[in-house]
Amino acid sequence: MSGRRAGAISLRILQQFRHDRRTLMLLFGAPIILLGLFYFLTGGGSSLPAVDVVNLDRGPLGAVLAADLGQSTEINVARTTEARAASDLSADAVAAYVVLPADLSARAQSGDVIAPTVHLEGTQPALTQPVLLALDQSVTRASRNLVAAEGVHVPVLEPSLDYLHGGPGLDTLDYFGGAFIGLVVFLLVFVVTIIAFLRERSQGTLERLMASPLRRADIVVGYIGGFMVVATVQAVEVVVFTLYALHVHNQGNVALIVLLTLLMTLVAVNLGIFLSMFATTEFQAVQFIPLAIVPQVLLSGIVFPIATEPSWLQVVSRLLPLTYGVDGLRDVMLKGNGLTSGPLLLDVAVVVAFAVALIAAATATLRRSAS
Amino acid sequence: MSAPSVAVSVEGLTKAFGSIRALDGVSLTVGAGEIYGLLGPNGAGKTTLIRSLVGLITVDTGTVTVLGRRLPDRAVLAEIGYMPQSPALYADLTVEENVRFFAAVHGLDRPAAARSTADALEFVDLSPRRRSVVATLSGGMRQRVSLACALVHRPRLLLLDEPTVGVDPQLRAELWRRFTTMSGEGTTIIVSSHVMDEAERCGRLGLVRFGRMLAEGTSAELRRLAGVERLEDAFLVLSESRP
Ligand SMILES: Nc1ncnc2c1ncn2[C@@H]1O[C@H](COP(=O)(O)OP(=O)(O)OP(=O)(O)O)[C@@H](O)[C@H]1O
Ligand SMILES: [Mg+2]
């Protein structure tokens, strides 16, 4: 080994970094951004899941328990009627509602198990845990106070769980299956397009196309056409594999899943073309992958529910196409919604709007890049 | 419609890249069916001039009129064939697929594209290799594929940026004979080159330097102007003279 020759390579690499500021910014900036995101998503300054509490208890424990739940650091509690709570849950305004039954105090005094009903929305396992934890903590605290005051036993808590969607029959794969279909397809198509389009530029063929009578829109639509053929096959493959080989739970229309997946690829193709305009080398294009994908994965509600993000991050989440694709796929697969459902229609409309906006943006940047 | 007798007319073209003046007031008129050679040292502005003739350069000032149409004009691009300086091809496609793609892009329908592709490959003497993937070709062969892509749609104006770099002498002579035939049939050809025996075959030559047209004329005129025997010496003498 020769120190001088190896040193020449090290020096050359450092020189290349000096000429490629963008890569340096990524290397030093991205970890801060990504770790910061993790901090906010896993608790730092995050929002609490909203939970309604309905107190029907005729004795004292219900009121004490409801008041204590109001102080919980796990959930954000509002007290309301059962009818309101049920409509909140189906409108996705709350993650759950807890009904404290009429015989709560009576059972607690007789040393029986107490069984408040927890009505869960059910499609977001990450939202179930804090509700049960908060209930458990409050029962322990509230009854301990009552024990001191009135001499009752610490009751055994056995909440009965009721799921609006999904339920205990679903496993982790069922919850994440739909979201992952959207993610996998989006990611792959995005990477392939950004590289393909960049190659078109670096090998000089884009310039040749610009010197031909093609319109810019012809180029973008041509790319969409070519990639969508492959993407359709891919979408069908992914959906069939997920549903029939992995047996991921699905309540909805399979064609609708494929449609949503295809809309996601349409967004991905145009995002790829659009972003490739900002990269001059394949090296730089590869850097868009963590930058464009990782925050989307973290913020689109796949793993971390959007409802528990800090409110400013929720705004960011609402600006990402993947958020709506994932939400739509969950609506179909876990809730069995069809195109008559308002929330699903909204998701589809937003994804279509993203696709259209990105097609326009891709066409516009194409024009600018030919100087 | 009768073909206009002037194929290309450029007036007072300027283009700066930052502080570099790639074009500095170039004017140029090329008649229909002419073979016009652009000569000049590296960085003179030949490529920039050629690219501005297909609208790839948005010039700072000046006008470009090609085949009677003032640029920018997308429709006229269908009648221009442009061969970039470095072969711009899809390396993962075959020779035939590349040429046929550019035929289609210029508006030829399937049967016409197939026929023209066969002719263009014949022109550059690559028919036997038409099924080879471009990445597996030699450098000179890629250059020839690139040329085939530029002329497959039988353009009325051919812009060739150093088309014969890396092409062997025998084939180069053959290509030039074919260029001459094309020009006889009315095709206008503008070609940049550093090779003097190619320059000799051009009807007229333009000597470019620092983005300016230093001298123009036939080979004989340029040699007389410089007072030397050989075109190569004329090139050196005229390049030296301060404009
Ligand atoms: N895209 C660009 N960005 C910045 N500078 C450019 C660009 N294109 C050309 N130039 C500059 O413009 C000048 C003219 O370049 P051009 O390619 O036209 O030269 P040329 O006559 O074709 O040279 P050669 O014989 O080497 O091909 C050069 O100084 C070059 O560096
Ligand atoms: Mg050049």
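This is a predicted model: local features need pLDDT of at least 70, side-chain atom pairs count only at pLDDT 80 or more; totals for chains, interfaces and linings use all residues.

Colleague: Let's start with chain A. Which residue stands opposite A:Val99 in S5(A)?

Modeller: Strand S3 (residues 96-100) and strand S5 (residues 117-120) of chain A run antiparallel, joined by four bridges. Look across from A:Val99 into S5(A) and you land on A:Thr117.

Colleague: And in S7(A), which residue is the bridge partner of A:Thr117?

Modeller: S5(A) is also joined to strand S7 (residues 160-163) of chain A, by four bridges, and here the strands run parallel. In S7(A), A:Thr117 is partnered by A:Ser160.

Colleague: Over to chain B. Is its radius of gyration what a compact globule would have, or something else, and what is the value?

Modeller: The C-alpha atoms fill a box of roughly 50 × 40 × 40 Å along the principal axes. For 243 residues, a compact globule would come out near 18 Å, so chain B agrees with that rule, its own value being 18 Å.

Colleague: How much of chain B counts as buried?

Modeller: As for contacts with a separation of 6 or more, 68% are between residues 24 or more positions apart. Buried here means under 20% relative accessible area. Of the 243 residues, the buried share is 52%.

Colleague: What about charge: how far apart do the centres of the positive and negative sets lie in chain B?

Modeller: Chain B carries 28 positive and 27 negative side chains. The centres of those two sets lie apart by 3 Å.

Colleague: Which helices do the buried residues of H2(B) pack against?

Modeller: Helix H2 covers residues 95-105 of chain B, and its buried residues include B:Val95, B:Val99 and B:Phe102. In general, residues three or four places apart on an α-helix point the same way, because there are 3.6 residues a turn. The buried set of H2(B) packs against H8 (205-210) of chain A, along with H3 (110-123) and H4 (139-151) of chain B.

Colleague: Which residue in the turn between S9(B) and S10(B) has a positive phi?

Modeller: S9(B) and strand S10 (residues 212-217) of chain B run antiparallel, with five bridges joining them. B:Arg209 stands opposite B:Arg212 there. The two strands form a hairpin with two residues between them, and the turn residue with a positive phi, about 50°, is B:Phe210.

Colleague: S9(B) has another neighbour, S3(B). Which residue stands opposite B:Gly37?

Modeller: Strand S3 (residues 35-39) and strand S9 (residues 204-209) of chain B are joined by four bridges and run parallel. In S9(B), the residue opposite B:Gly37 is B:Leu205.

Colleague: Which are the edge strands of the open four-stranded sheet in chain B?

Modeller: The order is S2-S1-S4-S5, with antiparallel pairing. An edge strand pairs on one side only, and that picks out S2 (20-31) and S5 (69-70) of chain B.

Colleague: Last one: is B:Glu198 buried or exposed?

Modeller: B:Glu198 lies in helix H6 (residues 196-199) of chain B. Leaving aside residues up to four places away in sequence, B:Glu198 touches B:Thr164, B:Arg172, B:Trp176 and B:Ser193. Its relative accessibility is 2%, so B:Glu198 counts as buried.

Methods. Residues are numbered from 1 along each chain as its sequence is written. Chains are lettered from A and ligands numbered from 1 in the order in which they are written. Side-chain values use heavy atoms; hydrogens and water are left out. The radius of gyration is taken over C-alpha atoms; the globule rule is 2.2 Å times the number of residues to the power 0.38. Buried means under 20% relative accessible area, exposed over 50%, partly exposed in between (1.4 Å probe, protein chains only). Contact means heavy atoms within 4.5 Å. Lys and Arg count as positive and Asp and Glu as negative; His and the chain ends are not counted. The place of a charge is taken as NZ of Lys, CZ of Arg, CG of Asp or CD of Glu. Two strands pair if DSSP finds at least two bridges between them.
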